[in-house]
Amino acid sequence: MSTQKPEPKHIAVIGGGPAGLMAAETIAAEGIAVSVFEKMPTLGRKFLMAGRGGLNLTHIEGQAPFMARYGEAEAWMAPRLAMFTPGRLREWCEDLGQRTFVGSSGRIFPTCMKASPLLRAWRARLDEQDVQIYLRHTWHGWDEAGSLCFTRDNGEELKIEADAVVLALGGASWPKLGADAAWVDAMETSGVEVKPFQPSNCGVNIAWSDVFKERFAGTPLKGIALGFGDKKVKGEAMITDYGLEGGALYSLSPALRASLAGSERTTLTIDLRPEQKQDVIAARLAKVRKGESLSNRLKKALKLSPAAISLLREGPGEMPHDAGELAALIKSVPVTIDSQRPLDRAISSAGGVALDAMDANQMLLARPGVFLAGEMLDWEAPTGGYLLQGCFSSGVGAANGVIEWISEDVSEEDH
Ligand SMILES: Cc1cc2nc3c(=O)[nH]c(=O)nc-3n(C[C@H](O)[C@H](O)[C@H](O)COP(=O)(O)OP(=O)(O)OC[C@H]3O[C@@H](n4cnc5c(N)ncnc54)[C@H](O)[C@@H]3O)c2cc1C
């Protein structure tokens with residue numbers, strides 16, 4: 001065995017969002033030197049934006065349904081979620097002085113419903129761990145010798161060597177917050193497959209009539225269920241002048257995207273009274289006094305909102321007068337979707353570095369010593385806290401990969 005002490009290792013984490021910072025914290029907790037490089041003037045801009053909606057950190061759901069939220073990436077995400085569970089995420093948040101609570105439908109939020117106090121406390125912890133943070137450093141790829149190439153805001157070019165690297169560069173939605181996927185070229189030049197980025201958790205474009213959009217843009221449709229294919233999702237949707245937005249719709253993003261890839265338009269159905277059976281609705285409508293206007297019948301018998309009643313008129317042809325036909329329409333109002341909203345307005349993106357471009361420790365097969373985490377990878381999940389949980393857990397996964405990699409390196413140096 002050599003008597004020489006191994007050189008201290010230095011790890012570069014590129015991308016200062018939740019995935020990168022979690023990787024940095026986990027590596028630094030092992031006493032390993034870490035530097036974080038971030039292109040923006042401040043850390044965690046998308047995380048702060050998520051805080052505007054209350055910062056849904058994770059979900060209380062049981063393990064099996066939780067995992068199923070990751071769809072095709074479930075098997076890949078499962079060991080990461082086991083390394084950093086939703087329960088552990090709550091503890092981590094509370095350790096940083098931010099209490100959490102379980103909100104409606106099992107979503108978990110910090111009590112203050114904001115990201116900024118959590119991010120401040122996190123930054124203080126990283127400072128205590130002596131994590132070095134370099135802002136306004138944009139990474140461009142590797143030079144021929146394998147050094148990391150950066151440009152600073154003042155145009156200065158910089159080359160950095162590291163014993164291992166974590167890339168946590170984010171996906172491609174809301175590029176003005178930092179994650180602009182400009183790194184795709186560097187990855188492809190290295191022979192790494194990147195699946196095209198597409199919008200996920202996004203609204204849809206619908207050609208509403210002028211009357212409908214002028215009157216109802218900004219109005220929610222509450223207590224509805226959206227149907228698409230064999231899926232039915234209860235929740236609410238917001239009418240906008242371009243179409244619809246809302247959590248229930250977002251969870252249908254993968255299915256809608258697949259359908260729109262194969263045809264110009266697709267049709268979603270809206271059940272305006274998901275808690276009532278069609279025959280019960282028909283019986284109620286039939287009871288209303290003859291001579292009553294159709295709108296009054298719908299208001300009195302079913303307490304439908306003005307927006308819901310007008311939605312029934314948006315389809316082609318007359319609204320049916322027959323109680324049975326009207327009940328059938330109320331249970332399944334067809335809405336034609338022209339397209340999904342663009343990537344720069346989507347909450348998250350689908351696509352990214354192919355999961356099989358990495359080994360089980362999240363290390364790039366094409367570039368040993370480079371580990372990846374977060375939304376830049378090809379997985380997607382609905383809103384509900386599954387996105388941040390996936391980013392935190394894969395950040396821990398990449399960090400554990402780095403720790404194992406450099407310890408193997410150290411023991412080789414020892415021999
Ligand atoms: C409006 C909105 C609301 C959301 N609400 C929620 C929510 O409530 N719950 C939830 O679970 N998720 C939510 N999300 C999604 C969640 O914020 C993201 O999934 C998460 O931030 C992704 O984390 P990340 O670390 O992978 O990437 P990011 O947070 O995007 O961080 C990547 C970082 O890398 C930096 N970077 C990129 N390229 C380079 C480069 N070349 N050099 C140096 N640095 C670079 C970027 O500037 C950025 O800071 C929301 C998203 C949006 C847009």
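Predicted model: local features only at pLDDT ≥ 70, side-chain atom pairs only at ≥ 80, totals over all residues.
Let me start with the contacts of I347: leaving aside its neighbours within four places in sequence, I347 is in contact with S173, N201, C202, Y250 and T383, where contact means that the C-beta atoms of two residues, placed from the backbone, lie within 7 Å. Residues are numbered from 1 along each chain as its sequence is written.

I347 is found in the loop between β18 (339-340) and β19 (348-353); helices (H or I, at least four residues) and strands (E, at least two) are DSSP runs, numbered from the N terminus. Is I347 buried or exposed? I347 is buried, because 24 other C-beta atoms lie within 10 Å, and the cut-offs are 20 or more for buried, 12 or fewer for exposed, and partly exposed in between, with the C-beta atoms placed from the backbone. I347 and W174 are 173 residues apart in sequence, yet 7.5 Å apart in space from C-alpha to C-alpha.

Strand β18 brings me to the sheet. Seven strands form an open sheet in the order β17-β16-β13-β14-β15-β12-β18, with antiparallel pairing, and two strands pair if DSSP finds at least two bridges between them. Because β17 (333-337) and β18 stand at the edges with a single partner strand each, one side of each has no neighbour in the sheet. Within this sheet, β12 (residues 204-205) and β15 (residues 243-245) pair in the antiparallel sense over two bridges, and V204 has L244 in β15 as its bridge partner.

Now to C149, which is found in strand β8 (residues 148-152). C149 counts as partly exposed because it has 15 C-beta neighbours inside 10 Å. Neighbours within four places in sequence aside, C149 is in contact with H140, G141, W142, D143, E157 and K159, whereas C149 and K300, 151 residues apart in sequence, are 67 Å apart in space, C-alpha to C-alpha.
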